[in-house]
Amino acid sequence: MREERPIIALDFPSFEDIKRFLALFPEEEKLYVKIGMELFYGNGPEIVHYVKSHGHSIFLDLKLHDIPNTVQSAMAMLSALDVDMMTVHAAGGVEMMRAAKAGLSKPAKIIAVTQLTSTSEENMRDWQNIQTSLQESVVNYAKCAAEAGLDGVVCSAQEVELIKTATSNDFICLTPGIRPKGSAAGDQKRVMTPYDAHQIGSNYIVVGRPIIQAENPVDMYHKIKEEWNS
Ligand code: C5P
């Protein structure tokens, strides 16, 4: 399946900013938004309740990584907030990922982070002592996530085909680093347009700055949504 709404990364520092941003959209427009560590640690479950009360879907991106028992209990608490999708680190292992799924108290999708895009192949070799290519490590982690029964992975659009081939076509590939034609890449190294992300089989796209920093965020969101669904 492919989610028709691009996920908007709510990368704002404060609750007030979120309220202001969401108020730009007509009340009947239901969005899919990403709440990350900064917002959640700064504001707690209240931010989730607020966004949820306006009928939006939530990707709670907290990237859990701990012993299986702890992750299982944490997932029970987080899924009780009634979010739609969450993340764990595949580096926590198959057992941890299984425990994450077992912990769900309400249904939600769980996807795994493989290698962070901030990790270079050299860093991975030196610091994690993984002596394969970065791509092999990403694919290996994706296979582990599939084995654990997770729904998919966060990956760069360039990795989608490889990951689907190694797992299955139903395995979710959620891709950030999306830029509509003509917009600034910012610190993203490898970007792809919404149209190309659709073509290569991404199931979800996450878009932050191109929307939240746009002069008219609502228009930009619709433009990106249209391109993603064309
Ligand atoms: O502003 P931009 O569209 O680059 O934001 C992309 C969002 O996706 C940010 O919240 C960023 O943290 C997140 N992300 C990413 N690359 C990853 C994982 C998450 O850009 N590999």
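A pocket, in this talk, is an open set of grid points with protein on both sides within 12 Å along at least five of seven lines. A molecule sits in a pocket if more than half of its atoms lie within 2 Å of its grid points. Keep that in mind. The model here is predicted.

Let's start with the ligand. Where does the ligand sit? It sits in the largest pocket. Which residues are around it? The list runs Ala9, Asp11, Lys34, Thr117, Pro176, Arg179, Gln188, Val206, Val207, Gly208, Arg209 and Pro210. Two elements give two or more residues to this shell: β8, residues 204-207, and α10, residues 209-212.

Gly208 uses its backbone, with an N or O atom 2.8 Å from a ligand oxygen. Arg209 also brings a backbone N or O atom, and that one lies 2.7 Å from an oxygen atom of the ligand. How much of the ligand does the protein bury? Taken alone, the ligand exposes 460 Å², and the protein buries 80% of that.

Next, helix α5. This helix covers residues 94-103. Its buried residues are Val94, Met96, Met97, Ala99, Ala100 and Gly103. Think about helix geometry for a second. An α-helix has 3.6 residues a turn, so residues three or four places apart point the same way. What covers the buried residues of α5? The cover includes the strands β3 (57-64), β4 (85-89) and β5 (109-113). It also includes the helices α4 (68-79) and α7 (134-147).

Take β4. His89 is found in this strand. Is His89 buried or exposed? It counts as buried because its relative accessible area is 15%, and the cut-off for buried is under 20%. Leave aside the neighbours within four places in sequence, and His89 is in contact with Lys63, Leu64, His65, Met96, Val113 and Leu116. Met96 is on our list of buried α5 residues.

Then α7. Tyr141 lies in that helix. Its relative accessible area is 14%, so Tyr141 is buried too. Beyond its neighbours within four places, Tyr141 is in contact with Ala90, Ala91, Thr114, Gln115, Gln128 and Ile130. How far is Tyr141 from Ile163? They are 22 residues apart along the chain, and their C-alpha atoms are separated by 9.6 Å.

On to a loop. Ser156 sits between β6 (152-154) and α8 (160-166). Its relative accessible area is 8%, so Ser156 is buried.

Last stop: Glu227. This residue lies in helix α11, residues 217-228. Glu227 is buried, because its relative accessible area is 17%. Which residues does it contact, leaving aside neighbours within four places in sequence? They are Pro180, Lys181, Thr193, Pro194 and Tyr195. Look at Lys181: it is 46 residues from Glu227 in sequence, yet 9.8 Å away in space, C-alpha to C-alpha. Now look at Tyr195. Its backbone nitrogen lies 3.5 Å from a polar atom of the Glu227 side chain.

To recap: the ligand is in the largest pocket, and His89, Tyr141, Ser156 and Glu227 are buried. Thanks, everyone.

Technical notes: Residues are numbered from 1 along each chain as its sequence is written. This is a predicted model: local features need pLDDT of at least 70, side-chain atom pairs count only at pLDDT 80 or more; totals for chains, interfaces and linings use all residues. Side-chain values use heavy atoms; hydrogens and water are left out. Helices (H or I, at least four residues) and strands (E, at least two) are DSSP runs, numbered from the N terminus. Buried means under 20% relative accessible area, exposed over 50%, partly exposed in between (1.4 Å probe, protein chains only). Contact means heavy atoms within 4.5 Å. A polar contact is a pair of N or O atoms within 3.5 Å; within protein, one must be able to donate a hydrogen and the other to accept it, and residues adjacent in sequence count only if both atoms are side-chain atoms. A residue is near a molecule or strand if one of its heavy atoms lies within 4 Å of it. Accessible areas come from the Shrake-Rupley method with a 1.4 Å probe; for residues, only the protein chains shown count as cover. On a 1 Å grid over the protein atoms alone, a cavity is a set of points where a 1.4 Å probe fits but cannot get out, and a pocket is an open set with protein on both sides within 12 Å along at least five of seven lines; lining residues have an atom within 4 Å of a point.
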